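Hi everyone, thanks for making time. Let me put the model on the screen, and then we can walk through a few spots together.

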Amino acid sequence: MTLVPGSALPQSNSARLLRRLAADPLAAAALGMLLVLAVGALFAPVLAPYDPLRIEMSRVMQTPSPAHWFGTDGQGRDIFSRVLFGLRLTALMGFCAIAIGGALGTAAGMLAA
């Protein structure tokens with residue numbers, strides 16, 4: 001905790017982070033997009049309007065519409081549902097890569113020291 005200039009009250013790290021985000025609109029927009037993607041990945045089974053694996057040959061290659069926000073693919077599957085479920089796998093792979101890299105980097109740093 002640090003002191004706020006001109007005040008005797010301590011300021012938490014989260015308050016400083018929020019103040020810095022408010023000063024940089026691009027960083028705030030990036031954080032907002034990350035939050036939207038995280039919520040989409042976490043709640044994909046609830047948010048997905050269709051089963052991402054269900055094949056419906058009567059709906060092949062439809063353009064985006066209110067029924068299918070991103071359209072359908074060559075097998076009639078809803079692309080929006082597939083993107084939501086794909087977010088889950090992509091986030092898992094990213095977290096695994098960070099964990100493995102962090103573990104290997106920590107081990108290498110400890111050996112170097």
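**A surface patch and a helix crossing**

Let's start with V39, L42, F43, V46 and L47, which make up a nonpolar surface patch with about 510 Å² of accessible area together. Two elements each give two or more residues to the nonpolar patch: α2 (25-42) and α3 (44-47). A patch here takes residues with over 30% relative accessible area and no salt bridge, with nonpolar side chains (Val, Leu, Ile, Met, Phe, Trp, Tyr) joined within 5 Å and like charges within 9 Å. A salt bridge means a Lys or Arg side-chain nitrogen within 4 Å of an Asp or Glu carboxyl oxygen, and areas are Shrake-Rupley with a 1.4 Å probe, counting only the protein chains shown as cover for residues.

A word on provenance: this is a predicted model, where local features need pLDDT of at least 70, side-chain atom pairs need 80 or more, and totals for chains, interfaces and linings use all residues. Residues are numbered from 1 along each chain as its sequence is written, and side-chain values use heavy atoms, without hydrogens or water.

How do α2 and α4 cross? The axes of α2 and α4 (residues 79-112) come within 8 Å at roughly 100 degrees, so the two helices are roughly perpendicular (65 to 115 degrees). L37, G40, A41 and L42 of α2 make the contact (heavy atoms within 4.5 Å) with L84, L87 and R88 of α4.

Finally, Q75 lies in the loop between α3 and α4. Beyond its neighbours within four places in sequence, Q75 contacts I55, E56, M57 and V60.

Methods. Helix = DSSP H or I, 4+ residues; strand = E, 2+ residues; numbered from the N terminus. Axes fitted to C-alpha atoms, helices over the stretch in contact; angles between N-to-C directions. Parallel < 35°, antiparallel > 145°, perpendicular 65-115°, else oblique.
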